[in-house]
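This report is meant for a reader who meets this structure for the first time. Please look through the sequence and the model before reading on.

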Amino acid sequence: MPETEHFVARKAELARLHEMLELALTGKGQVCFVAGEAGTGKTALSEAFQAEAQTRYADLVIAGGACDAQVGDSSPYAPFHELLAALTDGVAGRAVAPKVKKENSARVLKTMRLIAEALAKFGPDLVGVFIPGTPFIGKMADFLIDQAGLRDKLKKRISAKEAAHPLLVSGSLSQDQIIEQFVNLLRDLAARMPLLIVLDDLHWADTASIDLVFRLIRRLADSRLFILCALRPHDLRSSPGDAPHPLEKVINEARRLRGDIWLDLTEVSERTGRDFIDALIDAEPNHIGRVFRHNLFAHTEGHPLFTVELLRDFRDRGILVLDQDEAWTLAGPVDWSAIPARVEGVVASRLSGLTKELRDVLDIAAAEGQEFTAELIARVESREGRDIVRHLSGQLQNPLQLVRGLDTRRLGAQRLSRYRFGHQLVQKYLYDELDAVQRSYLHEAVGFALEALYGAEASSIAPQLARHFELAGFPDKARFYLAQAADQAAAEYANDAAIDFFGRSLALTPASAISDRIALLSGRERVYNVLGQRELQRSDLDALQELAVGPEQARLRTELLIRRASMALEMSDFGAAIDAATAAESVAADDGDRAAAEARVKAMLIRARAHFQRGEADASRTDIEAALALSRAADLSFHYGMALEQQGVLRWSVGDFTGAKAILEEALGLYREAGDLRAESSALNNLGIVTMDQRDFARAGQYYEQGRAIVVRTGQRVSEGYLLMNEGNAGYDAGDYGLARRCAELALEIAVDSSERQLQALSLGNLAETLAEVGDYKAARGQAERALALATKIGFRRGMCAWRNLLSWILLSMGDAPGGLAHAEAGIALASEPALRPRLGGLRMRQARALTALGRHAEAMAAAEAARALASELGSPALAVQADAARAEAMLARGEAGDGAMALRLCLAEAELLDHADAGGVPIEYPLWTSLVMIQAMVAAGDTRAPDAARAAVDALKARAARITDLAMRRGFVDDVPEHSAIQRLHAALSAKSA
């Protein structure tokens, strides 16, 4: 029988993988989940596929990583650490087939310049977090030297990461953002060279890795990337009442997006088990007949691991022997009842013949984990490393195949020879055989041996050391390494793992260790803030408050007030944000130093934002001016820029677009001097909004493009959502409703993923407005009501006004005048503050139209006149035209003598404005119902220009429709909007009459 597993009976599955790879190489990225229980041949299929793919495609690069049952969430991003290490040092990961490692490493080295450039541009925060920063800079020196500034920028980032974490830092990147950098890195690499990513044992993946896989799958569409994932379905199944495994969401979403991505080898084995047995036996010369094969199938059902191990057991026990023809044959009758029913029994049988010396070696290895280190075993056993290597690479690897060698690495002068158990069940069996006392002793020995081996680099394996010392009963050492592991996980934005480490370390930290508890609670509070888990965040802030006593904790007390204010602002609890910010400012004022000035500015700006969101423009302005004065006096240039940006937004909100643009450009310059890309992207986003309102669509597009490039590069997922939303606004204003809808849907997806409620509300509102513009009022109403409900829940008054206005329009278009009036008047009641005054004009205009539809003509004209007065006050010609049209509509509906001529005079200005173009050459757009009212006024006044006006309106309708690339949306715009169909009917009637 074969000494090793043969790759048999898997031709169809192998062909399927090659089809998917070929699609990926054309730019249609693919993912495949190879599923099967232990021993069904997942590894054999993956390794055969990798070997053939490497032979077929000379430029294909393979990278991979494996998850570990012994580690799980305690080692966040484990397979991706391994993957990135493979791409930056050429040492292939565990999931990469042994046969392809040498050639693959050579290909990686050839493309190292591309990898270095991609990391510097798209994944700068991964350096120093996922891979050691300083060694990477040294290794990549030749590749980065001609990239102006990249090496220096990376050094700055690495230095910042290596520095101590500042207390309660509020501006750290989120897990979502670091995932986005990893995704962008892999997408860029795939654009330069085809990539095959292999992820093994994904059922053991930590939650951070699962989130990363999820994002990768959603961004595969236009990349030359093939992701091959191996997993065991059994380990995904939940017990009754348990939450679903997080990987199930990924698999379901992948199926929804990409169709047939599931390759179940367990099902294949059940269907073709007898074929597998025949192919395996016939891989070598044999005289084995039908009866033996039938009985073998009856006992194993063709399960590859059971089959292979059972045949090996028969050979080892002399049941199968080589005859004189060098063919395998039965030595005598087979006692099937003596064959173990479970694979653990097979493992036990194979281990039973080991000497005590070899069994001790394996017991130590099992305590270390699925992967283990020969030098560690040697240190525990007080033996020479080469003696242990001789055992591992000798009998234990061949012929027993209990372990296999991985690689040899250097840690300074220390050699580390890495091995892996041939199957996880071997390691599990060995570990389970140890009693509690043996495990404790072995974990103690392994922990101290690892410390000695890694020396000054011990922090790089903090999660492993923490686990060993916890299980060995060394609480002080365990909490020390747990704290390190927590900080590392937080730096990697592996939030679930960070929370676990912080909690375990806190549980082991005595109440008397106050400074340690403050550091741990502060770190966990930051993570809860990123996750938006407000109750847990508040609990940690309360715990910190109890520790913030005495004069030495004054800084902490101030920071806690600022954190409470920031948390309240994020929760849209604007009153609480104002109170906490005021208290923080008061406490910080007593110190009088630079740090106190910085804290006061932060507090002022939080309070200013809260006032702004509540529509309290004067209070917001007062805080902004105070922050500007203090930051200028204290020479806090970056904070001065933050205050300027808020001042610019405030100016924009009251219609001072020119002033807002000048202020925002000044803030942008300060951010660029400070080198803060996140702040720079925020300023560019706001500049895009302002210039779009100035009708300069070309310039707005440039701002958005610059901002988008930054947020994609730095992984600012939420900021990307806001930029997408604003790009959609520009598309909407330009009449490209297909683009507007796509941008709103993408922004909404980001908002939901990141639990960003204000962005979610804004995206829903934009989507509703776009749907209403093309006559899909039912869908628009649903989205607008969701936006309004969310805005109401978080107290977002500007949004509440906007979506009351929108719902009034939608309901009026659906013929529900009472509903339209109710929303308009509810919005008017909200829009009392100066910052919300621009919203009031539109609401008054909607009110006028609803009153007209209800026959309350005098009230309608009064509402229209109020809207017209606001238009003059705000300098808004768009509102002026619509207010005049609303008043004319009420006059026409009243039907009294002379109203037609008066209405016509009100509408004449609209004809002139339609011919006006701004400096950017883009015609000012108004709803076509204003043209409809003007034509109706002409008809009522007997004006002979009515047919020409109707023809011009139809031409304008067609021109606007031509900009809509989505055919269904174009049809809706032309046929389903009541005013648009009315214009076409009126034009047809006037044309027939004139004919």
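Two strands are said to pair if DSSP finds at least two bridges between them, and strands (E, at least two residues) and helices (H or I, at least four) are themselves DSSP runs, numbered from the N terminus. By that rule, β1 and β5 pair in the parallel sense over three bridges. The model is predicted, so that local features need pLDDT of at least 70 and side-chain atom pairs count only at pLDDT 80 or more, while totals for chains, interfaces and linings use all residues. Residues are numbered from 1 along each chain as its sequence is written, and side-chain values use heavy atoms, with hydrogens and water left out.

**The chain as a whole**

The protein chain has 47 helices and 10 strands. Of its 995 residues, 55% count as buried, where buried means under 20% relative accessible area, exposed over 50%, and partly exposed in between, with a 1.4 Å probe and protein chains only. Among contacts (heavy atoms within 4.5 Å) between residues at least 6 apart in sequence, 68% join residues at least 24 apart.

**The five-stranded sheet**

Five strands form an open sheet in the order β2-β3-β4-β1-β5, with parallel pairing. The edges are taken by β2 (61-66) and β5 (262-264), each of which has a single partner strand, so one side of each is left without a neighbour in the sheet. Neighbouring strands of this sheet are turned by 15 degrees against each other on average, direction ignored. Strands of a sheet pair through backbone hydrogen bonds, either parallel or antiparallel.

| Strand pair | Bridges | Residues facing each other |
|---|---|---|
| β2 and β3 (residues 195-200) | six bridges | G65 and L199 |
| β1 and β4 (residues 225-231) | six bridges | V31 and I227 |
| β1 and β5 | three bridges | F33 and W262 |

Strand β1 (residues 30-35) is mostly covered, since six of its six residues are buried. In a regular strand the side chains alternate between the two faces of the sheet. Here both faces of β1 are covered, with Q30, C32 and V34 buried on one side and V31, F33 and A35 buried on the other.

**Helices**

Helix α2 (residues 42-56) has 15 residues and reaches 21 Å from its first C-alpha to its last, close to the 21 Å expected at 1.5 Å a residue, the expected span being 1.5 Å times one less than the number of residues. Among the buried residues of α2 are L45, A48, F49 and A53, together with K42 and Q50.

The C-alpha atoms of A511 and L547, which are 36 residues apart along the chain, are separated by 9.9 Å.

Key
Axes are lines fitted to C-alpha atoms, for helices over the stretch in contact, and angles run from 0 to 180 degrees between N-to-C directions.
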